[in-house]
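Please look through the complex shown below with its interface in mind. The briefing that follows takes up the contact between the chains and then a few individual residues.

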Amino acid sequence: MKQNRTIILSFITASICVISSIISMQYSIYWFITIMGGGVVVLGLLLRYPSVADGGLFLSIFFFIYAIRYLPFSVVTLMIVLGVFYLFVTLWVVIQREFSMMNVKRKDEEKNEILLEFEMKSTINIFKKITLALVVAFTGSFLSLFSPLEVIGYKEWTGFLALIFGTLILIVLYIIVIVLPKMYKE
Amino acid sequence: MWSRFSFYYIGFAIIALILGSLLRSWVFLIIAIANISFLAVALLGLPPKKFDVKVSRKEDLINLYEGDEVKIEISLKNHGDDIQFLEIYDPIPENTEVVEGNNHLFTDLKKGEKKAIEYTLSCPIRGEMIVGPLKIRYRDSLNMFFKNLKSKIHTDIRVLPEIEKMKNVKIRPSYTRNWLGNIPSNSIGIGTEFFSLREYLPGDELRKINWKATARSSNPITNEYEGERSGDIVLVVEGFKGTSVGTLRKNTIKASIKAAASLASSMLEDRNRVGLIVLGDYLNWVYPGYGRDQFYKIIDNLSKIEKGGFWKATDAKWFIKRFFPKRSLIVFITPLLEEKSIETVMDMCMKEFDVMVISPNPIEIEKEITEDYNPTAERILKFERNNIINRLWRYATVVDWNPNEPLEAALNDIARYKKRRRHL
């Protein structure tokens with residue numbers, strides 16, 4: 001059962017890496033490194049080396065972004081970049097969870113309701129948080145890139161400042177609206 | 001506490017910001033924003049402010065026998081805030097195995113909620129072990145934050161050596177003492193077996209009068225009984241490193257310990273005084289004594305045996321001569337792999353010690369675990385072993401015991417053989 005899960009996860013990793021390589025293929029000659037990174041992740045998963053899997057994922061994400069660094073800007077490309085990035089992030093979180101749970105004996109997996117319940121809850125929680133992060137990131141990017149400081153074009157440092165400005169506003173808003181009420185609820 | 005993954009994301013965000021500015025790429029800047037957003041959302045999973053989980057265990061000390069299984073029961077109560085994701089790990093000793101349930105699990109714990117953890121542990125190797133203390137870790141679903149809590153309570157497990165119940169075989173010392181026991185002493189005393197008749201003397205119990213003999217002789221005649229006494233027995237267990245054959249789970253030392261524990265149990269039931277000398281990494285000894293307490297003292301010492309190379313059979317000889325009662329039956333439990341052990345046994349027999357040797361057969365153990373079995377090698381080893389045993393038979397009773405079979409059967413064979421020899 002545990003082996004099946006690893007194989008499924010490896011298959012998903014490989015698929016995401018292939019898709020992102022196809023996206024980046026027309027923009028850079030470095031597109032294949034994303035697939036290589038995926039291969040390293042699969043190797044790490046199968047051999048159960050967390051650091052190998054982490055390294056492979058970092059390689060894949062970084063070279064995917066590097067390959068599409070001069071992608072023409074539009075709302076669609078923005079969504080593609082954020083979408084693929086969060087796919088990688090989700091994959092990383094799921095792989096981390098898988099590694100941390102690998103030590104748990106699964107002899108009686110079918111019977112262990114506590115573990116199954118935990119898996120279900122954590123999966124829901126992961127997807128909720130990732131979706132929320134995606135929404136926040138998309139709004140933040142949109143705000144910063146279309147801000148009145150004329151970011152599009154990146155002629156001067158104004159773009160960089162706009163980015164920081166937009167992100168900071170978003171974080172402050174987020175902390176005031178979501179985090180602080182939760183922390184001081186008691 | 002921030003996990004290393006949170007630092008990866010922070011680092012990635014910084015790299016993306018720098019590269020975005022240097023390469024003038026909006027993609028890198030967007031990734032930096034995405035990373036920061038992700039970190040901000042991850043803040044939702046900060047550890048609870050009040051993280052207080054009380055742990056209690058059903059038992060602090062468990063005694064069990066080798067090969068038995070034990071149920072570990074732990075209960076948790078959350079005295080703090082709601083905990084969404086909790087990792088619980090109860091460390092178990094190296095030589096044990098979880099056969100049912102889990103000692104490592106992930107769960108959630110609401111405020112004031114109680115949860116019970118149960119798992120069954122198999123303990124195939126004797127010794128003293130500690131289960132726990134329980135490690136509790138809060139971990140958010142994105143693996144960005146964690147907080148540890150360590151309980152101080154643990155369970156001590158004492159795995160006692162396996163004991164074989166021997167009902168039909170009795171090992172009896174040749175010399176008996178003056179105290180009561182189960183060994184017929186061949187002299188008049190307190191016992192149940194009829195020995196002789198004598199004239200009635202004032203003070204004799206009425207129930208001891210033999211009425212038929214009284215009627216025949218016209219004088220009152222009293223029955224006399226054979227006194228039943230007990231003796232002193234010293235068990236010497238050899239744990240010398242060089243004599244250990246087999247794996248961790250099956251070896252000659254384990255077999256020797258099982259034999260010693262079984263003999264001690266049987267001999268103490270017969271009301272003998274039993275002592276123990278353990279030779280191994282350290283020399284440990286128990287002076288002969290009676291009863292249940294003595295049994296536990298012996299078992300306790302046997303469960304602590306560590307194989308080692310310091311104390312040898314020659315030291316036991318010196319020790320027995322100086323500190324143990326004279327004319328005790330010395331039961332040497334040794335695989336007979338050391339020439340010095342064999343010489344010591346012969347030397348002790350010549351110095352009028354009453355010696356018996358019980359030898360767990362190392363060839364049988366080796367045969368069971370070896371992957372490349374060689375019948376010629378087995379024949380040579382058996383031949384050598386038989387030579388040693390034949391040499392020793394001139395001085396002492398030697399029991400060649402196959403540890404895969406019950407000890408009682410091996411002792412029975414020897415008892416039958418000795419009986420046959422007596423009748424010849």
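**The interface and selected residues**

A salt bridge (a side-chain nitrogen of Lys or Arg within 4 Å of a carboxyl oxygen of Asp or Glu) joins B:Asp108 to A:Lys121, with the closest N and O atoms 2.4 Å apart, and the count between chain A and chain B is one such bridge. This is a predicted model, in which local features need pLDDT of at least 70 and side-chain atom pairs count only at pLDDT 80 or more, while totals for chains, interfaces and linings use all residues; side-chain values use heavy atoms, with hydrogens and water left out. Residues are numbered from 1 along each chain as its sequence is written, and chains are lettered from A and ligands numbered from 1 in the order in which they are written.

**Confidence**
- The predictor assigns the complex an ipTM of 0.79 and a pTM of 0.68.
- For chain B the average pLDDT (the predictor's confidence in each residue, from 0 to 100) is 83, and 97% of the residues score at least 70.

**Contact between chain A and chain B**
- Contact, meaning heavy atoms within 4.5 Å, involves 63 residues from chain A and 49 residues from chain B.
- The buried area (the accessible area, with a 1.4 Å probe, that two parts lose on being put together, summed over both) is about 5,100 Å² between chain A and chain B, and 71% of it lies on carbon and sulfur atoms.
- Four residue pairs, both members at pLDDT 80 or more, are in polar contact across the interface, where a polar contact is a pair of N or O atoms within 3.5 Å; within protein, one must be able to donate a hydrogen and the other to accept it, and residues adjacent in sequence count only if both atoms are side-chain atoms.
- On the side of chain A that touches chain B, the elements giving two or more residues are helix H3 (50–67), helix H4 (75–102), helix H5 (113–145) and helix H6 (158–183) of chain A, with H5(A) giving the most, 18 residues.

**Chain A as a whole**
- Chain A has six helices and zero strands, where helices (H or I, at least four residues) and strands (E, at least two) are DSSP runs numbered from the N terminus.
- Of its 186 residues, 46% count as buried, that is, under 20% relative accessible area, as against exposed at over 50% and partly exposed in between (1.4 Å probe, protein chains only).

**Residues of chain B**
- B:Thr107 lies in strand S6 (residues 104–109) of chain B and is buried at 4% relative accessibility; beyond its neighbours within four places in sequence, its contacts include A:Ile114 and A:Phe118, and its side chain makes a polar contact with the side chain of B:Lys115 at 2.9 Å.
- B:Asn35, in helix H2 (residues 26–42) of chain B, counts as buried at 0% relative accessibility, and, not counting residues up to four places away in sequence, touches A:Phe85, B:Tyr9, B:Phe12 and B:Ala13.
- B:Asp82 sits in the loop between strand S3 (69–78) and strand S4 (83–89) of chain B and is partly exposed, with a relative accessible area of 46%; its side chain reaches the backbone nitrogen of B:Lys111 at 2.7 Å.
- B:Asp82 and B:Pro48, which are 34 residues apart in sequence, have their C-alpha atoms 7.0 Å apart in space.
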